[in-house]
Amino acid sequence: MILVISNIANNAASALVDMFPAEAAVLITASEFHQTVKVKISVNNFQSSVLTINNKNIIPDKITGVITTTPYFLPQEFYYIEPADRSYVCAELNAFFIYFLSQLKCKKFNPSSQRTLTGLSMHKIELLKTFHQLKIPLWKVHLKNGINIDAEDDTKLEHYKATIAGNVLLPHTLPEKVIIYMQRISEFFLLPYIQAYFVSPNEKEFFLLDILTVPDLENEEVKGAVVNYFKPI
């Protein structure tokens, strides 16, 4: 069983579930959690825990994959909870899922981190230092309280979007330097999915502008790569 963690408004996540064989994948959202999911967790023996989804019991060893399409649940998704309690319930469920997903030993696209359900939770400064160590040129930024302000205008530059999805690098026509930089990022972070944005002032130099690690399922090629990632070898 493959778990697809998302929110009810993400139609692409629902479409992804349908791309797998019948009953091979199931969608889990905060908005429907109270109706579709029950959990019995054993902290001392996690493998004996039981996840009940749509009245079907699943033990951790039967979960073959996880695809997380949101970094965290939002309070407004818990419409069935009293408004005054939604933030608390949301925080608790986020914390529970970070723990639960971290304990699973299956393939994950992308794995949870200490603070998010998927991908990286590093502070912007940490990321910039990491890219500098990897010898990846960075576009100029001016950070204030973690927010990029007064950045040098990049609207007149050539923009490149590069995506690693499983073992696939998209698009297939990326400049050689961008490919090299993406390989360095992928080897360092060991994440199945990375989307990076580069800018170039002259088509010879390429500077990293931003990086995202939440899968973009609106992209049909990405969805296909996700499905292929979970196919048996």
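This is a predicted model: local features need pLDDT of at least 70, side-chain atom pairs count only at pLDDT 80 or more; totals for chains, interfaces and linings use all residues.
Let me begin with helix H6, where the buried residues are Val 222, Lys 223, Ala 225, Val 226, Val 227 and Tyr 229. These buried residues of H6 pack against a set of elements made up of H1, E6, E7, strand E10 (158-165), strand E11 (168-170) and strand E12 (193-200). At the start of H6, Asn 219 places a side-chain oxygen within 2.8 Å of the backbone nitrogen of Glu 221.

That brings me to helix H1, residues 11-19, whose buried residues are Ala 12, Ala 13, Leu 16 and Val 17. Why do they lie on the same side of H1? They lie there because the arc they cover around the axis is only 150°. As a general point, an α-helix has 3.6 residues a turn, so residues three or four places apart point the same way. On the other side of H1, by contrast, Asn 11 and Asp 18 are exposed. The cover over the buried residues of H1 includes strand E1 (2-6), strand E2 (25-29), strand E6 (65-68) and helix H6 (220-229). The N-terminal end of H1 is capped by Asn 10, which has a side-chain oxygen 3.2 Å from the backbone nitrogen of Ala 12.

Is Ser 121 buried or exposed? Its relative accessibility is 18%, and because the cut-off for buried is under 20%, Ser 121 counts as buried. If we set aside neighbours within four places in sequence, Ser 121 is in contact with Ser 113, Gln 114, Arg 115 and Thr 116, and with Ser 113 there is a polar contact between the two side chains, at 3.2 Å.

Finally, the largest pocket, which has a volume of about 480 Å³. Its lining is formed by 23 residues, and those nearest the centre are Leu 120, Met 122, Leu 127, Ile 211 and Thr 213. Helix H4 (124-133) and strand E13 (207-212) are the elements that give two or more residues to this lining, with E13 providing the largest share, five residues.

Methods. Residues are numbered from 1 along each chain as its sequence is written. Side-chain values use heavy atoms; hydrogens and water are left out. On a 1 Å grid over the protein atoms alone, a cavity is a set of points where a 1.4 Å probe fits but cannot get out, and a pocket is an open set with protein on both sides within 12 Å along at least five of seven lines; lining residues have an atom within 4 Å of a point. Grid points are joined across faces, edges and corners, and a volume is the space filled by probe spheres set on the points. Helices (H or I, at least four residues) and strands (E, at least two) are DSSP runs, numbered from the N terminus. Buried means under 20% relative accessible area, exposed over 50%, partly exposed in between (1.4 Å probe, protein chains only). The arc is that of the directions from the helix axis to the C-beta atoms. Contact means heavy atoms within 4.5 Å. A polar contact is a pair of N or O atoms within 3.5 Å; within protein, one must be able to donate a hydrogen and the other to accept it, and residues adjacent in sequence count only if both atoms are side-chain atoms.
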